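Biologist: Hi! Could you walk me through this one in plain words?
Modeller: Happy to, let's open it up together.

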Amino acid sequence: MKQKVAIQGVKGSYHHGVAQAYFGENVDVNECMSFQELVLSLENDKSTDAVMAIENSIAGSIIPNYAYIDEYNLAIRGEYFQPIHHCLMALGDQKISDIKEVYSHPMALLQCKDFFREQPHIKLVEDADTADVAKRIYEKQIKGIAAVAGETAANMYNLNILAREIQTIKSNSTRFFILNKNKEVNVEKEKINKASLKFLTDHKKGSLATVLNVMSDCGLNLTKIQSLPVISMPWKYSFFVDVTFTEYKDYEKAMSILKIMALELKILGEYKNQNG
C-alpha cells in the first residue's frame, strides 16, 4: 500500500504541517475530523501512518488519545514538537470589533483564553478543527465569524489575519506522536533513547513508588506520567509514562525487571527523543 498519513483536521492544520515536516512536503494525507476517525483509519488500513497530537505546553495532555493508542494497539514510531502560532483570521475588510463569534478546536481556544478575555463581545464556539473552520469561512464567505488557526490556513483559504500570536504563552508548543500498526521497531537500537510505556501495579501501598525506583535505579529519566482509570476495574489505574535513557541496555534491564513486578507492562513505542 502506498504511504498515506492520517491527520486530524484538513490541509492547512497543524497536524498537516507536522505530517509534511516528518514525511515530506508532498505527503499524501487522509483528512479525519476526529481522533477516533484517525485511529480507525489505521485500524481499517485506509492509512499506513498517522500524526496525533498528544499534549500541549499550555493546555496539557489530550487524555483520550492515550486510551486510543492503547485500545487499538497502535505503535508509537516517533514524536514531533511543533511550535504553535495561533492567529485570528476572517474574511477581508473586517476588524476585530466586527467579529461576533470565533470557532476553533477546543484546545486552540483554551490556549488563547487570555486574548479572548479582553474581547468580551466575542462568543467562543468549539469546533472539530482549526483549519477546517478557516476553510468553511472561505467557501461560504461568512462574515462576522472568525477562526483561530495557523498562518498557513489563512494563506491557503485566503483569509485576513486580524491578530497574530494570540496564544497566552508565546512559546506554545504541541507534541505529536507518529503512529502506525507495525510492531517491529524501525530504529537502530543505538539510536533509541526514549520509550512510551503503559503499566498497572498492585493496589498496595508503595507499589507505584517501587516501579519508579526501578526506573531510576536503571538510569531511566521519567519525563511524563499520566494515569487513566481502568474501566473494568473500579478504582484501579493504568499509568502511561515516557522515559529517556542514554544506553539501550539500561532500558532493557529495567523492562526485564518491570515485566516481573508490574501486573501488566506494555511497550507502546521505542524511538528517538526529538528534544534530546
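**Rings and strands**

Modeller: Let's start with F240, which is buried, with a relative accessible area of 2%. Keep in mind that this is a predicted model.

Biologist: Nice. How many aromatic pairs does a search of the whole structure find?

Modeller: The search turns up 9 aromatic pairs. One of them is formed by Y66 and F240, and this pair is tilted, at 5.5 Å centre to centre with 50° between the planes.

Biologist: Why give both a distance and an angle?

Modeller: Because a pair of aromatic rings is described by the distance of the centres and the angle of the planes.

Biologist: Okay! Where do Y66 and F240 lie?

Modeller: Y66 is in helix α3 (residues 63-71), while F240 is in strand β14 (residues 237-244), so their pair ties together parts that are 174 residues apart in sequence.

Biologist: And Y66, is it buried or exposed?

Modeller: Y66 is buried, and its relative accessible area is 5%. The cut-off for buried is under 20%.

Biologist: What about F177 and Y271, what kind of pair is that?

Modeller: That pair is edge-to-face, because the ring planes of F177 and Y271 are at 70°, with the centres 6.5 Å apart. For edge-to-face, the planes have to be over 60 degrees apart. F177 sits in strand β11 (residues 173-180) and Y271 in strand β15 (residues 264-271), so this pair ties together parts 94 residues apart in sequence. Both F177 and Y271 are buried.

Biologist: Which residues form one aromatic cluster?

Modeller: Those are F245, Y248 and Y251.

Biologist: Switching topic: in what order do the 4 strands of the open sheet come?

Modeller: The order is β13-β14-β12-β15, with antiparallel pairing. β13 (221-229) and β15 stand at the edges and have a single partner strand each, so one side of each is left without a neighbour in the sheet. From one strand to the next, the twist averages 15°.

Biologist: How many bridges join β12 and β15?

Modeller: Strand β12 (residues 194-200) pairs with β15 over 7 bridges, in the antiparallel sense. As an example, K198 has K266 in β15 as its bridge partner.

Biologist: Last one: which strands do α3 and α8 lie across?

Modeller: Helix α3 lies across β12, β13, β14 and β15, and runs at about 85° to β13. Helix α8 (residues 207-217) lies across β12, β13 and β14, running at about 155° to β12.

How values were computed. Residues numbered from 1 in each chain as written. Predicted model: local features only at pLDDT ≥ 70, side-chain atom pairs only at ≥ 80, totals over all residues. Heavy atoms only, no water. Phe/Tyr/Trp six-rings, centres within 6.5 Å; stacked < 30°, edge-to-face > 60°. Helix = DSSP H or I, 4+ residues; strand = E, 2+ residues; numbered from the N terminus. Buried < 20%, exposed > 50% of the residue type's maximum accessible area, 1.4 Å probe, protein only. Pairing = 2+ DSSP bridges. Axes fitted to C-alpha atoms, helices over the stretch in contact; angles between N-to-C directions. Contact = heavy atoms within 4.5 Å.
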